[in-house]
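Dear colleague,

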Amino acid sequence: MDPSNNPRTTKVIILLSLLPLLLWPVALLHSTSTLFNDTGRLLMLLFPLYALPSVAIAWYCREERPEVMWVLLWLLWLSYGAVFVLATL
């Protein structure tokens with residue numbers, strides 16, 4: 001079954017893309033550097049300003065431009081991986 005043909009499946013995938021933001025405060029707690037002296041810490045603080053609009057734009061274009069939605073979601077998932085790797089350093 002192709003998830004791009006099922007609107008309910010795409011809605012669930014988009015909403016599941018928001019779940020890692022619940023772990024975002026935990027990722028900030030693992031980073032022990034100072035607040036604005038470290039670029040990685042600043043990127044972690046600003047990450048929700050990227051993730052939330054990315055999900056909102058994916059939600060907006062899910063019916064007319066599903067290719068754009070998938071590209072946005074893949075970039076978001078790759079960004080989640082990068083931020084959580086950054087939190088463990």
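**What was found**

Of the 89 residues in the chain, 30% are buried, where buried means under 20% relative accessible area, exposed means over 50% and partly exposed lies in between, taken with a 1.4 Å probe and protein chains only. Please keep in mind that this is a predicted model, in which local features need pLDDT of at least 70 and side-chain atom pairs count only at pLDDT 80 or more, while totals for chains, interfaces and linings use all residues. Residues are numbered from 1 along each chain as its sequence is written, and side-chain values use heavy atoms, with hydrogens and water left out.

The chain has 5 helices and 0 strands, and these follow one another in the pattern α-α-α-α-α along the sequence; helices (H or I, at least four residues) and strands (E, at least two) are DSSP runs, numbered from the N terminus. Among contacts (heavy atoms within 4.5 Å) between residues at least 6 apart in sequence, 62% join residues at least 24 apart.

Helices H1 and H4 (residues 48-60) have axes that come within 10 Å and cross at roughly 175 degrees, the axes being lines fitted to C-alpha atoms over the stretch in contact, with angles running from 0 to 180 degrees between N-to-C directions. H1 and H4 are therefore roughly antiparallel to each other, a label for angles over 145 degrees. On the H1 side the contact is made by Lys11, Ile14 and Leu15, and on the H4 side by Val55, Ala58 and Trp59.

Leucine 19 sits in the loop between helix H1 (7-16) and helix H2 (24-30), and with a relative accessible area of 45% leucine 19 is partly exposed. Together with Val12, Leu16 and Leu22, Leu19 forms a nonpolar patch on the surface, with about 390 Å² of accessible area. Such a patch joins nonpolar side chains (Val, Leu, Ile, Met, Phe, Trp, Tyr) within 5 Å, from residues with over 30% relative accessible area and no salt bridge.

The whole structure holds 1 salt bridge, defined as a side-chain nitrogen of Lys or Arg within 4 Å of a carboxyl oxygen of Asp or Glu. Glutamate 63 forms a salt bridge with arginine 62, their closest N and O atoms being 3.6 Å apart. Glutamate 63 is exposed at 66% relative accessibility, whereas arginine 62 is buried at 17%.

Lastly, proline 66 lies in helix H5 (residues 66-88) and is partly exposed at 22% relative accessibility.

Best regards

Terms used:
Patch = residues over 30% accessible without salt bridge, like charges linked within 9 Å, V, L, I, M, F, W, Y side chains within 5 Å. Areas by Shrake-Rupley, 256 points an atom, 1.4 Å probe, with all protein chains shown as cover. Parallel < 35°, antiparallel > 145°, perpendicular 65-115°, else oblique.
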